[in-house]
Structure formats: C-alpha cells, structure tokens
Amino acid sequence: MASDQILVTSPPSGVEQVSAVAHRSLSLLREAPKLPVGIILFVALVAIFAPLLAPHDAETSVKPIKIFAPAIYAGGTWDTALGTDFQGRDILSRLIYGARTSLIIGLLGTVFAGMLGVTLGIVSGYMGGLWDQVIMRITDAKLALPSLVFGIFLAAVLSPGLWTIILILMIVFWTRYARVIRGEVLSLRERDFVKLAEVTGAGKIRVMFRHILPNIMNTAMVLFSLTVGVAIILEASLSFLGVGVPPPTPTWGNMLADARPTLISERWTLTVAPGICIMLLVLAANLLGDWMRVRLDPQLRNR
C-alpha cells in the first residue's frame, strides 16, 4: 500500500510578504488616474525642491527693487518670468514656496484631523453608552457651525502661525471622520471576528485598535483624500482674509490677498497664477479621492 503523502506548506517569508505588498502597491498605482496623480506628484516635487527651483528669494525683493511686468509684456524679463508683486518680490518664486506651505498645512492638518476623528469614531461606535452620547453630541454641535466661520473665530483667538492653521484644520475637520467611522464601527462590532476576540479575553483597547481599526482604514483613506482639497481651500481662504499664515511667509492665499488692489489692472498674474495653482491641486485631490472611493468600495467597483 502506497503511503499517503502529506504536503506541508511553510508560511511566506518576510521577503515574500514585502514583495506582495510592493506588487499590490504598484498595481494600485498603475490603475490610478494619471492626470490627478501627475499633478499631485509635480506639486510635491516642486515643494520638496523649492530652494533649487526658485530663481529668487520668495520673501525679499528682487534687486534692483522694481515692479517688473511678466516676461511676455514690454519691459518684462525672463529673470522674473511672471513679474513681481507690489513689493518687488518674484511671483514665480513665491508660487514655488507657496506650494510647500499649502502642502504642509493641508497634509498635516488632514492627518491630525484623521487621527483624532478616527480614534473618537472608533471609541464612540464600539464603547456606546455615555461615550457615544458625549462624542456624538460634540460632533453634532461642531457640524452645525460653518467651517470657514469657525476657522476665522479660532484664527482670531489663537496666535497666527503655520502650526496654528494646522491646529485649526484639525479642530474643523475631525468631525467628518468621527461621524462616518462611528457608523462603520457600529456594524463591525457585531461581526463574528470581534465577538470571537472578546470571548478569548481580548481587552477593549486591543479589540478597537487591533481588530476594528484595520477594517476601517479604507474608509479613512478615502476621507483623507477628499478632505485634503477642502483643507487647502480653507487655508487659502483664511490667508486671503488676513487671519492665516502671517507674511512674509509665502502662501497662495496670501498672494491672492496681496493682489486684491490689482484685480482690475493689467497685473493679472498676481491673481491668476495662485488661483490656477489652488484650482489644479484641489481638483487633482478630489479626482483622486473619488477614484479611491470607487476603487476601495466593492459595491461601487462591481457596478
């Protein structure tokens, strides 16, 4: 009688796991919409290499101090391709450094808001009871306030600065995460794998952040991608109203605020250039967020 052969399969090694993750990441990147990803990568590279790309100092006037027109007009020069502002500062250099400021504020503000909102959403949905009541009533009160008005109030109360704007964005946007994540957790906490973890003696903190958190990361990523664009617009709005990042730090909102007296003159680059930058970056972030929402939702993906 032939002996039975038992096939023993060993678990995948660390190298194989890393290779699988890299393969999935590359596959996801290949499927991503090319134009939004290209715009975001371009802005990110410009922000990273701003000191190398900017032809002049963004915070000081070009020497000799003179208001130059764009290079395509008479009297313009390619040394200041987009011209200079009312203080003689190079517009192109300020756009390049403004990309760095906008990305730092938009990304960090959204990340911190996501961390706070996801944590409170998980606690509210899983713990229930008094925890749920307190967190959701605070969330409802915050959602009743217009984001821009609330942001202006916080900016007026707190001292101006880059980190102040990041804190404001965190306070303004955490409720977006908390409300949606709570709804997901309410259904996840009744699933078999959560009940099994509870039966085996896992603590509440372990259940929330070891078993529930990984299952809501797709939703959190979609919310993050959709919130970045709104955060950039809010930062530009606060800077435009004079309660954002204080000068001379260049931001696209500050540039629009400085150009208000020239809206009806021929100095169109002062307003059009930062406006186009804000529009393209926000549009790319929203398009990428919509794609991720469809890509990560099985119900929408299979339609």
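Of the 303 residues in this protein, 39% count as buried, where buried means under 20% relative accessible area with a 1.4 Å probe, protein chains only. This is a predicted model, in which local features need pLDDT of at least 70 and side-chain atom pairs count only at pLDDT 80 or more, while totals for chains, interfaces and linings use all residues. Residues are numbered from 1 along each chain as its sequence is written, and side-chain values use heavy atoms, with hydrogens and water left out.

The secondary structure comes to 13 helices and zero strands; helices here are DSSP runs of H or I with at least four residues, strands are runs of E with at least two, and numbering goes from the N terminus. Take contacts next, meaning heavy atoms within 4.5 Å. Among those between residues at least 6 apart in sequence, 72% join residues at least 24 apart.

Helix H5 covers residues 129-143, 15 residues in total, and reaches 21 Å from first C-alpha to last, close to the 21 Å expected at 1.5 Å a residue. That expected span is 1.5 Å times one less than the number of residues. Which residues of H5 are buried? They are Asp-132, Ile-135, Met-136, Thr-139 and Lys-142. Seen down the axis of H5, these buried residues fall within an arc of 115°, so they line one face of the helix. The arc is taken from the directions from the helix axis to the C-beta atoms. An α-helix has 3.6 residues a turn, so residues three or four places apart point the same way. What do the buried residues of H5 pack against? Their partners are helix H4 (91-127), helix H6 (147-157) and helix H7 (162-188).

On a 1 Å grid over the protein atoms alone, a cavity is a set of points where a 1.4 Å probe fits but cannot get out; a pocket is an open set with protein on both sides within 12 Å along at least five of seven lines; lining residues have an atom within 4 Å of a point.

The largest pocket holds about 480 Å³ of space. Its lining has 20 residues, and Ile-40, Leu-107, Phe-224, Val-228 and Leu-288 lie nearest the centre. Helix H2 (34-48), H4, helix H10 (217-240) and helix H12 (269-296) each give two or more residues to that lining. H2 supplies the largest share, six residues.

A search of the whole structure finds one cavity of 30 Å³ or more. About 60 Å³ of space lies in the largest cavity, and the residues lining this cavity include Asp-85, Arg-94 and Met-255.

Note on methods: Buried means under 20% relative accessible area, exposed over 50%, partly exposed in between (1.4 Å probe, protein chains only). Grid points are joined across faces, edges and corners, and a volume is the space filled by probe spheres set on the points.
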